Amino acid sequence: MQKQTENIIEVKDLVKRFGAFLANDNLTFEVKRGEIFGFLGANGAGKTTAIKILSGLSYPTSGLVNVAGFDVYKQRNKVKENIGYMSQKFSLYEDLTVKENIRFYGGIYGLSNKYIKQKTEDLLNRLKMTQIQNSLISSLPLGWKQKIAFSVAIFHNPKVVFLDEPTGGVDPITRRDFWEMIYEAADAGITVFVTTHYMDEAEYCDRVSIMDQGKIKALGTPTELKKLFKADNMDEVFLKIAR
Amino acid sequence: MQNITVEVNNLKKSYDKVEAVKGVSFSVSKGELFGLIGPDGAGKTSIFRILTTLMFPSEGSARLLGLDVVNDFKEIRNNIGYMPQRFSLYQDLSVEENLTFFATIFGTTIRENYNLIKDIYVQIEPFKNRLAGKLSGGMKQKLALSCALIHSPNILILDEPTTGVDAVSRKEFWEMLIRLKEKGITILVSTPYMDEANMCDRVALIQNGEIMSIDTPDKIIGNFGSKLWAVKSRNIYQLIKDLRSLDFIETVFPFGEYLHVTSKTGSIDIEKLQSILIEKNHTDIHIQEIRANIEDCFMALMK
């Protein structure tokens, strides 16, 4: 499927202030349906603040923010229903089984029992994890947990999924399996919003933005940014901006 | 070999049923920057906890500066600096209090070894009265390194010092390590990030408790067995599927904007592949032969 032109995330002049501190200083960007968008920045650049706003957990001080067609001021619950979230550290209950975790998340998003049952079967087949459906998450290797965590994050078919350093710490082959799952989700029309410290993860994104001190300092495809900053890789681009 | 500072011989460690380290051997020379590169669960932390005398090996032996990790643990502790993976300084003491604490434990003072930590400490000295718990990630890391160095150790052992740290702090950290190495300190560092291998003199690639290869990064790359091509087009997901359907293609791995591809015959006719991909409706096609990197090598060794 070709990338579509419909905007799933629209941010215009987003400002977030904490007292005198300007955490987000006039951010403006759009992310399209099915796009893999990398949201980069140093520690303290303002990424977490912006993500909390995009996911309906915090109000902007000013500016327009629209996610999945909903306004983050007035339709926060609608925003939350239409997004998924996965972080590297957390996501699954270690003392529940694979199946119980899926069932739990499906229930939270208000999916019917029948739908959950059917979709769980499909999912387990696709992941080739039917055999381990009744194993505790704590007994599984990290790479498997990550795949399940991602599958759970998109189980309710959100318009956008937020991934926080999704592939940190896993072996390189598992990491690539994981990126293929991300490509597949994007191909199916889910917008993937990735935050990461690791610039080699940024190279997988369709477009990336780089934040520094509350502002977006660069935005474009990895190829464009490397050309613009005369750099061989995104690590060099980042260092030129944030150092 | 001369000047062996760390010698590890058939080291094994088991926890109940899990064999975390399965017979690992390596040695590190004086003044070397040695990297243990591998994913979570590879056994890196177990090896470092044995070397720092915090844990006994199940089997095998390890010597640091000629001292045995089991019998001579007290002497070893006086001669090594250790930075564990989790920030383990006192969050409710200030920057300066933490540093003074570690200096005092080792019977020294900040002033006595200031020269060694100066490069690093000056960057956090303006915040010396701030509680350690209130520092940013990059600053915590600099304080932890200063504390690990304050007794002027011969060997520095750093467990994933750059995990969770942004690219700028990460780069600065590696620059600090290289300067410390130049002062003659032997450094063992672990990391799950393959690109950091290039900063080390030698690396051990480790997976599932076993070392797959030990050498200089250049030689490891030189030993990559086959030719490698980078391929990309507008629709990378479709490209993965299409390339895998071709009978002469051996492996296809996503690698940032590109796919890294090997051929069963050891060669790829670029023009021919280009026309196959055009036929499959790909646009903006780029194909070029490339040199492998450490991550390509790691994956090839995993098979």
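1. A quick term to start: a salt bridge is a side-chain nitrogen of Lys or Arg within 4 Å of a carboxyl oxygen of Asp or Glu. By that rule, four of them cross the interface of chain A and chain B. In one, A:Lys226 pairs with B:Glu257, with the closest N and O atoms 2.7 Å apart.

2. Before going on, some housekeeping. This is a predicted model, where local features need pLDDT of at least 70 and side-chain atom pairs count only at pLDDT 80 or more, while totals for chains, interfaces and linings use all residues. Residues are numbered from 1 along each chain as its sequence is written, chains are lettered from A in the order in which they are written, and side-chain values use heavy atoms, with hydrogens and water left out.

3. How many residues meet between the chains? On chain A, 31 residues are in contact (heavy atoms within 4.5 Å) with 35 residues of chain B.

4. Now the cores. A nonpolar core is a set of buried Ala, Val, Leu, Ile, Met, Phe, Trp, Tyr and Cys residues joined through side-chain atoms within 4.5 Å, and buried means under 20% relative accessible area (1.4 Å probe, protein chains only). The largest one has 71 residues, and A:Ile36, A:Phe150, A:Met234, B:Leu243 and B:Leu273 touch the most other members.

5. Take a look at B:Leu273. Leaving aside neighbours within four places in sequence, B:Leu273 is in contact with B:Val231, B:Leu243, B:Leu246, B:Phe248, B:Ile268 and B:Ile287. There's also a second, separate core of 47 residues, including B:Ile110 and B:Val203.

Key. Buried means under 20% relative accessible area, exposed over 50%, partly exposed in between (1.4 Å probe, protein chains only).
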